[in-house]
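Here is a short tour of some local features worth looking up in your viewer. Keep the structure open as you read, and take the stops in any order you like.

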Amino acid sequence: MSNFAIGGRRRGILLGVGVFIAAMALVAAAFRLAHNERVFELDRWAIRLHAAGTQRLGMVNEWLSESRAALRSVAVNPTVQIYLSQAAANPAPTPESEAQAAFLQSYVISLGSRGAFASSKPSMPSETGIAVLDSHRHLVAATYGYRPPAQLIAALLAQSRDGTTGPSLSQAKDGSPVAFLAEVRPIQGMMSAPAVGYVIGERVLDRSVWSGSTLAADHGHESLIAAANDKASLIGSSVTGVAAGSGEVLAAQAPLHLQRAPDLNGKDALHLGIPVKGTNWVLVETVRASSALAGVDARIRSLLTILLLSLLAIILGLLLLWRHVTAGQQAAAREAGVRLYRDIAEVLLQAIDLRDPGAAEHSRRVASLSRQVALRIGADADAAELAGALMNVGKLFVPVNVLTKTGGLEESEAAQFAEGSARWLDLLARASLDPPLAPVLRDADHLMRGESTAAAPSRVAHIIAAANKAVALMSPRAYRMAHTPQETLEILAKSRPAVPPAILTAMADLLKQSK
């Protein structure tokens, strides 16, 4: 062999290495750019949610100030102070005290017809209103139809003893009554003197208090109030069963930090909590992630598509170089090519994982199991491993909202998976790969779907289909536990189309060893 030929091959190898390094740099840059795009978009939404929440926070604070001022005006009323001071000093009723009590009742009733705590139905029993209690928690006067529950009185007095301030969320639904408490001090006593009575008021808080949104309606913008230390208390929501890990609860527990988590309806959403000063409340602003991040997801999807096409072009270029290797070096070149395919497959798996977390690990397990089975039955182990790793690349062409959907797929959504797989197989078929992977993956795809093929599928295709089903069965799902190796083998034995006996036997030995 001439020195010129040897030098040409070396230059080709060096050129291939250089192209591969450039491809890896391109992949790293693409992932970095995608990450920065998403971080920038999340930061932008944190600012927008905070701006919207600040506007609504002013409305809530105005409502709170009005409520506290109305209750405080009763607590410092001289008639209320004098009567409760005398009752605390001399509990025995007198004609004078009874007259004062009647006057006090009239005064409180008049309050019930106007102001912050006015009842919309004054002649009917009501969950809202104002009540005056003496130092022994006995009811002295109240607006028509209103009687504060004993457990509410105890809870408010416990808060007062603990030194906490602010209203209490008493229920977990929209339009709930919110309770306030003001202590009545002796008219001539010091501020530190014991309370001679209490004024309790309840009024309805619902989303009308903070109505109006500065964000586009198509983003699914919602607001509610949550108690930071009470996972079951939400106002502004129609959902009564609150999951501990919901985004609204997480935002209440860590205010001013943007959270991405399922909302109360199980939808992926962005949440930001803003504390309400003087209370244990947090105003939670929420938008749907699918709408808010649609633009950046589309840009990332386009970037990954361009990256995939660029990598395929690089593969074709490297294959042209590989074809110039002499017959005596083909075995070594094939091994190097397989290593290259493994590296490229890993890059593609990382791209898939960016869009569908968990899909890459599934493909790696299928690839490993496929190689082991192929080695046991004498099939092409390299082809089985590479095909198993690349079986899910078609997911790059499927929209993210379809990939991450937790429920059953509609017919149109299932068709998008089939279309993505077909586009990937068409791209792969244009590359002259050794081993050829496109026919193997096409037959395996038919087997996994239970469809017939024009010709008998290869052993490698059967291996991939069986390995994919085995890995899926032994992985836990939201609707079931992971199957045991024995259960998996029993299901595989009943599969249609049937798994070839040699493959089933080899897989049985491998799964038993994995126990």
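## A charge over a ring

In this predicted model, the charged end of Arg48 is placed over the ring of Trp45, at 4.3 Å from the ring centre.

## The aromatic pair

How many aromatic pairs does the structure hold? There is 1. Its partners are Trp63 and Phe180, whose ring centres lie 5.9 Å apart, with 50 degrees between the planes, which makes the pair tilted. Trp63 belongs to helix α1 (residues 3-75) and Phe180 to strand β4 (residues 176-184), so the contact ties together parts that are 117 residues apart in sequence.

Are the two partners buried or exposed? Trp63 has a relative accessible area of 7% and is buried. Phe180 is buried too, at 3% relative accessibility. Both values can be set against the cut-off for buried, which is under 20%.

## The β1-β2 hairpin

Strands β1 and β2 pair in the antiparallel sense, with 3 bridges between them. The hairpin has 4 residues between its strands.

Arg137 is found in that loop, between β1 (129-134) and β2 (139-142). Its phi is near 70 degrees, a positive value in a residue that is not glycine. With 39% relative accessibility, Arg137 counts as partly exposed, because that class covers values between 20% and 50%.

Leu256 is another non-glycine residue with a positive phi, here about 70 degrees. To find Leu256, look in the loop that runs between α5 (247-253) and β8 (259-262).

Pro497 sits in the loop between α15 (485-493) and α16 (501-513).

## An enclosed helix

Why can α10 be called largely enclosed by the rest of the structure? The reason is that 10 of its 10 residues are buried. Among them are Asp382 and Glu385, along with Leu386, Gly388 and Leu390.

The start of α10 also has a contact to look for: a side-chain oxygen of Asp380 comes to within 3.2 Å of the backbone nitrogen of Asp382.

Definitions and conventions:
Residues are numbered from 1 along each chain as its sequence is written. This is a predicted model: local features need pLDDT of at least 70, side-chain atom pairs count only at pLDDT 80 or more; totals for chains, interfaces and linings use all residues. Side-chain values use heavy atoms; hydrogens and water are left out. Buried means under 20% relative accessible area, exposed over 50%, partly exposed in between (1.4 Å probe, protein chains only). Helices (H or I, at least four residues) and strands (E, at least two) are DSSP runs, numbered from the N terminus. A polar contact is a pair of N or O atoms within 3.5 Å; within protein, one must be able to donate a hydrogen and the other to accept it, and residues adjacent in sequence count only if both atoms are side-chain atoms. Two strands pair if DSSP finds at least two bridges between them. Rings of Phe, Tyr and Trp (its six-membered ring) pair if their centres lie within 6.5 Å; planes under 30 degrees apart count as stacked, over 60 as edge-to-face and the rest as tilted. A charge sits over a ring if NZ of Lys or CZ of Arg is within 6 Å of the ring centre and within 35 degrees of the ring normal.
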